[in-house]
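User: I am new to this structure and would like to learn how to read its salt bridges. Could you take me through the general idea and then some cases?

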Amino acid sequence: MLDKLGPSLKDAIKKLAGKTVIDRAAVEELVRDLQRALLQADVNVKLVMHLSQRIKQRSLEEEPPKGMSVREHVLRIVYQELVNLMGTTAEVALGPQTILMAGLQGSGKTTTTAKLARFFQKKGLRVGVICADTFRPGAFEQLRTLCDRINVPCFGDPNESDALAIIRAALPKFAGSEVIIIDTQGRHALEEDLIDEIIRINDLSRATHRWLVIDAALGQQASEQARRFHEAIDIDGVIVTKMDGTAKGGGALSAVSETQSGIVFIGSGETIEDLERFDPDGFISRLLGMGDLRMLIERAEEAVSPEEFDVNAMMKGKFTLRDMYKQLEALNRMGPLKQIMSMLPLGNLQIPDDAYDITSTKMARYKVIMDSMTPEELDDPAVIGSSRIHRIARGAGVAPEEVRDLIKYYKVMQRALKGMRGGAGGKFNMQRMMKKFGRTQ
Ligand SMILES: Nc1nc2c(ncn2[C@@H]2O[C@H](COP(=O)(O)OP(=O)(O)O)[C@@H](O)[C@H]2O)c(=O)[nH]1
Ligand SMILES: [Mg+2]
């Protein structure tokens with residue numbers, strides 16, 4: 001998508017390294033690279049010019065915050081302005097709701113309906129899906145096949161030509177469902193009767209949310225569709241699909257952002273799992289190469305004093321349960337785990353949002369368990385045998401399984417740290433670590 005932007009920006013920002021005053025020529029060069037990359041991603045020219053202006057002005061006029069280098073100062077401004085450009089995230093509630101899917105034919109509504117059903121199902125909610133597309137032949141079959149794969153009930157009637165009649169029949173059937181998703185027809189163009197129908201469906205279903213599905217390949221043209229649908233049914237979330245297959249994703253995101261509609265999800269592939277929550281901060285951080293372990297360690301050193309948390313010793317191989325305990329505390333102090341993760345060099349790895357949730361809950365449990373351990377055990381977890389596991393579990397009021405889980409987690413961290421020291425080019429192999437991590441959950 002904006003892949004080209006990353007390397008050229010990183011090069012431009014590198015040129016600022018070591019400078020003590022901000023150099024107009026360097027900032028201008030940076031802005032030119034940025035413009036080229038954004039225009040290639042089909043971001044609207046006016047938006048690009050506005051952004052360039054802001055970056056130039058802020059870089060040259062704002063005082064760098066205390067202790068921040070010139071490079072970091074400019075990097076931070078570029079980051080903030082790009083995050084603004086790419087828009088905001090709309091909330092997704094994990095409770096009872098009816099979601100109406102809108103969008104033109106081929107935008108990915110049906111596929112995304114199934115992806116959403118899967119998303120809510122994974123969050124433990126009962127989902128029901130309604131096919132209200134009476135226009136496209138085989139629409140019901142397509143949706144039902146997708147829903148069958150994930151065991152989500154799907155209601156439709158290929159012989160009924162009235163979408164409202166289908167919805168009227170379907171709603172009582174899904175009275176026990178927490179999340180109801182209604183897939184609608186699309187057509188090739190935004191026609192008046194399509195708009196009329198979606199307005200009536202919206203009224204009849206009393207939808208909690210009206211989400212618009214837009215193809216990323218539209219680039220900046222996405223704003224026109226977003227505006228028209230918004231006028232008709234008050235769109236409260238946009239899903240940009242096919243981000244995997246186009247270079248114009250940046251254009252689509254910024255165009256949608258301009259219409260003031262928040263982006264709820266991004267579709268990034270054809271399988272049912274290829275749906276991601278939109279996270280502008282993480283997205284831009286990775287793009288700018290903030291996925292940089294050195295930064296993480298700098299942050300870590302800020303959050304805890306050196307006596308408390310010896311990063312260097314840890315990197316050299318001394319890593320006790322106490323270190324891990326301190327690390328967990330430091331992570332807590334540094335803020336949301338997710339933010340920390342976005343600073344690590346994850347490459348294209350997508351970490352599912354719920355991985356963070358599970359992890360922070362687990363962390364709290366681990367702390368309780370560690371409080372029941374002796375100093376000896378904390379320093380050298382290898383001494384913890386089966387009878388000690390039971391004693392610790394009783395002390396912490398948890399199942400022995402959970403103590404074993406913690407020790408397993410410690411071993412994974414220990415191995416990951418070894419990998420970090422010995423891996424290719426000294427790079428932290430996060431992907432491998434997350435895989436192991438997943439297995440201990
Ligand atoms: N690569 C890719 N293809 C997608 C994505 N979302 C949908 N598609 C494909 O786009 C085509 C149209 O999707 P469909 O759900 O039938 O669109 P609808 O007419 O709006 O219901 C299908 O071939 C989908 O597999 C996506 O995020 N990435
Ligand atoms: Mg469809």
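Analyst: A salt bridge is counted where a side-chain nitrogen of Lys or Arg lies within 4 Å of a carboxyl oxygen of Asp or Glu. The model shown here is predicted, and by this rule the count comes to 19 salt bridges. One of them joins Arg144 to Glu141, with the closest N and O atoms 2.7 Å apart.

User: Which residue forms a salt bridge with Asp193, and how is Asp193 classed by its relative accessibility?

Analyst: The partner of Asp193 is Arg187, and their closest N and O atoms are 3.1 Å apart. Asp193 has 43% relative accessibility and counts as partly exposed, whereas Arg187 has a relative accessible area of 11% and is buried because the limit for that class is under 20%.

User: What parts of the chain does the pair of Glu376 and Arg388 link?

Analyst: Glu376 forms a salt bridge with Arg388, the closest N and O atoms lying 3.4 Å apart. This pair links distant parts of the chain, for Glu376 is in helix H17 (residues 375-379) and Arg388 is in helix H18 (residues 386-396), twelve residues apart. Glu376 is partly exposed at 43% relative accessibility, and Arg388 is partly exposed at 25%.

User: Which residues are linked in a network of salt bridges?

Analyst: Such a network links Arg54, Arg58, Glu62 and Glu81.

Notes
Residues numbered from 1 in each chain as written. Chains lettered and ligands numbered in written order. Predicted model: local features only at pLDDT ≥ 70, side-chain atom pairs only at ≥ 80, totals over all residues. Heavy atoms only, no water. Buried < 20%, exposed > 50% of the residue type's maximum accessible area, 1.4 Å probe, protein only. Helix = DSSP H or I, 4+ residues; strand = E, 2+ residues; numbered from the N terminus.
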